[in-house]
Amino acid sequence: MAFACELVTRIVVCRACRVRVAMAERNSALHPQTILALDFLGAPLTAPFGAPMRLRIPTKLGYKNPKSIVAMGVTNVFLSGYWVRQGYNWFGGS
């Protein structure tokens, strides 16, 4: 599944079931190895694997790969996500 956003947009925002917000900059979200997963081995994702939707960005640390995504959007406004409020670096990767 391809995820496209305008070239002027800088941040992709994911909202998870537990009201957590995760953000990734545009270049990481559009990385050729980034995966937006809805199923695994031909079956819908289950809760332990991040149902209903999971984002896997290979250039980011684990806390920047949100599970249980219920909404996604793009913005140029920095939103303080859950992990940033816990003291983690907002960029979280290479």
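Reader: What joins β1 to β2, and how do they run?

Author: Strand β1 (residues 11-16) is joined to β2 by 5 bridges, and the two run antiparallel. Two strands pair if DSSP finds at least two bridges between them, so with 5 bridges β1 and β2 count as a pair.

Reader: Before we go on, what kind of model is this?

Author: It's a predicted model, where local features need pLDDT of at least 70, side-chain atom pairs count only at pLDDT 80 or more, and totals for chains, interfaces and linings use all residues. Residues are numbered from 1 along each chain as its sequence is written, and side-chain values use heavy atoms, leaving out hydrogens and water.

Reader: Which strands make up the open sheet, and what makes a strand an edge strand?

Author: The open sheet has 3 strands in the order β2-β1-β7, with antiparallel pairing. β2 (21-25) and β7 (69-75) are the edge strands, as each pairs on one side only. From one strand to the next, the twist averages 20°; angles run from 0 to 180 degrees between N-to-C directions, with axes fitted as lines to C-alpha atoms (for helices over the stretch in contact).

Reader: How many helices and strands are there in the protein?

Author: There are 2 helices and 7 strands, following the pattern β-β-α-β-β-β-β-β-α along the sequence.

Reader: Why is S68 called buried?

Author: Buried means under 20% relative accessible area, exposed over 50%, and partly exposed in between (1.4 Å probe, protein chains only). S68 has 14%, so it is buried. S68 sits in the loop between β6 and β7 and has a positive phi of about 55°, although it is not a glycine.

Reader: And L41, buried or exposed?

Author: L41 has a relative accessible area of 78%, so it is exposed. You'll find L41 in the loop between β4 (39-40) and β5. L41 also has a positive phi of about 55° without being a glycine.

Reader: Which residues line the largest cavity?

Author: V21, A22, M23, Y63, K64, G81, W83 and V84 do; lining residues have an atom within 4 Å of a point. β2 gives the most, with 3 residues.

Reader: What is the volume of the largest pocket, and which residues are closest to its centre?

Author: The largest pocket has a volume of about 280 Å³. Of its 15 lining residues, A16, R20, P66, K67 and W83 are closest to the centre.

Definitions and conventions: Helices (H or I, at least four residues) and strands (E, at least two) are DSSP runs, numbered from the N terminus. On a 1 Å grid over the protein atoms alone, a cavity is a set of points where a 1.4 Å probe fits but cannot get out, and a pocket is an open set with protein on both sides within 12 Å along at least five of seven lines; lining residues have an atom within 4 Å of a point. Grid points are joined across faces, edges and corners, and a volume is the space filled by probe spheres set on the points.
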